[in-house]
Amino acid sequence: MGNRFVAVCDILGFKYWLDHLLLDEIASRVTQLLDGVDSLRRRFVTATDRLRPGLYRPNSANFSDSIILWSDPQRDLAEAFTNGIMFAQCLAELVGRAFVSGIPLRMGVAFGKTFVDTSRNILLGKPVADAFLLEKAQEW
């Protein structure tokens, strides 16, 4: 439980794919996209008494034509700001990679108190609903 960034991504044209492509081709495209999600990361350095390198990586889950990404819980406003920038950079990279691969994405992003239990595949909270509604409201 904690304040997290949450993004809900929708693969545009997925219903068209279901009507016009073989399931193997759709699976290949989705696998390619998920491989891109798995490779999202940002290197950073924390400066305290000495420099400490770190690696930021968003968490993700997939269901059909939707990908959900979320950050780890943020301890304070400074951490939320720093991680928010890295989260946004990862999302921009994902959208760019998907677009040049012929897989356009539409996305909504929100921030707030979110419950995550990855062992039971549970992701709950107002930011999840807000990101989903924002993604759908774009209607393009």
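This is a predicted model: local features need pLDDT of at least 70, side-chain atom pairs count only at pLDDT 80 or more; totals for chains, interfaces and linings use all residues.
Residues are numbered from 1 along each chain as its sequence is written, and side-chain values use heavy atoms, with hydrogens and water left out.

T114 sits in strand 6, which covers residues 105–117, and T114 counts as buried at 0% relative accessibility; buried here is under 20% relative accessible area, exposed is over 50%, and partly exposed lies in between, with a 1.4 Å probe and protein chains only. T114 and V45, which are 69 residues apart in sequence, are 27 Å apart in space, taken from C-alpha to C-alpha.

Turning to the whole chain, we have four helices and seven strands, and their order along the sequence is β-α-α-β-β-β-β-α-β-β-α. The radius of gyration of the protein chain is 16 Å, close to the 14 Å that the globule rule gives for 140 residues, so the chain is as compact as a globular protein of that length; the radius is taken over C-alpha atoms, and the rule is 2.2 Å times the number of residues to the power 0.38. Helices (H or I, at least four residues) and strands (E, at least two) are DSSP runs, numbered from the N terminus. Along its principal axes, the C-alpha trace spans about 60 × 30 × 30 Å.

Of the 140 residues in the protein chain, 37% are buried. If we take the contacts between residues at least 6 apart in sequence, 63% of them join residues at least 24 apart.

Finally, the cysteines: how many disulfides does a search of the whole structure find? The search finds zero, a disulfide being a pair of cysteine sulfur atoms within 2.5 Å. C9 is in no disulfide, and the nearest cysteine sulfur, that of C90, is 12 Å away. C90 is likewise in no disulfide, with the sulfur of C9 as its nearest cysteine sulfur.

Definitions and conventions
Contact means heavy atoms within 4.5 Å.
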